[in-house]
Amino acid sequence: MNVEKMEFDRAALLEELRGTDDMRRGSITEVYRRCGKETCRCADDSDAWHGPYYAYTRKVGGKTKTLQLRAGPLLSKIEREVEAGRRFRTTCDRLFDVSEALCEHRPVEANAETPQAVSEEAAKKRGSKTFSRKKSPSRSKR
Ligand SMILES: [Zn+2]
């Protein structure tokens, strides 16, 4: 891929982000539940559970907050806002992809005073040990 095409793609993605409407983080799930009355059908028939209700869940200051909703204009509004947030995230990821590809293509300044990166090959040949540490903690995946 050529650099001009990548720069064009990046500009398009930035333009897409600029057009982002009201957005929210979090997600909406459908919920059914029992009312707790012993005489209600829902007590022993799971098909008679009440609902659907909708739970809008999001993290606020590290804590999960849930807003219970019924179908209606408020639910529709939050659905649109959550969807806009999801699109924003996706576009951000694509922007990072394009930007990182551009970074790889950029020449290194000839008279830069910063030390140059040593390739893995060269490091192996010299038998030097490498030591690396991530700048930010990352959770290991199972
Ligand atoms: Zn019930």
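I count two residues as in contact if their C-beta atoms, placed from the backbone, lie within 7 Å. The model is predicted, so I take local features at pLDDT of at least 70 and side-chain atom pairs at pLDDT 80 or more, while totals for chains, interfaces and linings use all residues. Residue numbers start from 1 along each chain as its sequence is written.

**Entry 1: glycine 26.** I looked up which residues touch glycine 26, leaving aside neighbours within four places in sequence, and found Tyr56, Thr57, Arg58 and Val82. I also took the C-alpha separation of glycine 26 and threonine 64, which is 9.4 Å for two residues 38 apart along the chain. For burial I use the number of other C-beta atoms, placed from the backbone, within 10 Å of a residue's own: 20 or more is buried, 12 or fewer is exposed, and in between is partly exposed. Glycine 26 has 19 such atoms within 10 Å and is therefore partly exposed. Glycine 26 sits in the loop between H1 and S1.

**Entry 2: elements.** Helices (H or I, at least four residues) and strands (E, at least two) are DSSP runs, numbered from the N terminus. I find three helices and three strands in the chain, in the order α-β-β-β-α-α from the N terminus on. Buried residues amount to 1% of the 142 residues. Of the contacts in the chain with a separation of 6 or more, 58% are between residues 24 or more positions apart.

**Entry 3: the sheet.** I call two strands paired if DSSP finds at least two bridges between them. The three strands make an open sheet ordered S1-S2-S3, with antiparallel pairing. S1 (27-33) and S3 (63-69) are the edge strands with a single partner each, so one side of each has no neighbour in the sheet. From one strand to the next the twist averages 35°; for angles I use lines fitted to C-alpha atoms as axes, for helices over the stretch in contact, and values run from 0 to 180 degrees between N-to-C directions.

S1 and S2 (residues 50-60) run antiparallel and are joined by six bridges. I noted two partners in S2: tyrosine 53 for valine 31, and threonine 57 for serine 27. How many of the seven residues of S1 are buried? The count is zero, and S1 is hardly covered.

**Entry 4: a cis peptide.** I checked omega between glycine 51 and proline 52; the value is about 5°, and the bond is cis. Proline 52 is part of strand S2. Most peptide bonds are trans.

**Entry 5: helices.** H2 (residues 73-105) lies across S1, S2 and S3 and runs at about 140° to S1. H1 (residues 3-18) packs with H2 at about 155°, the axes being 9 Å apart. H1 and H2 are therefore roughly antiparallel (under 35 degrees is roughly parallel, over 145 roughly antiparallel, 65 to 115 roughly perpendicular, the rest oblique). Their crossing is left-handed, meaning that the near helix is turned anticlockwise from the far one by less than a right angle. The H1 side of the contact includes Val3, Met6 and Leu17, and the H2 side includes Phe88, Leu95 and His105.
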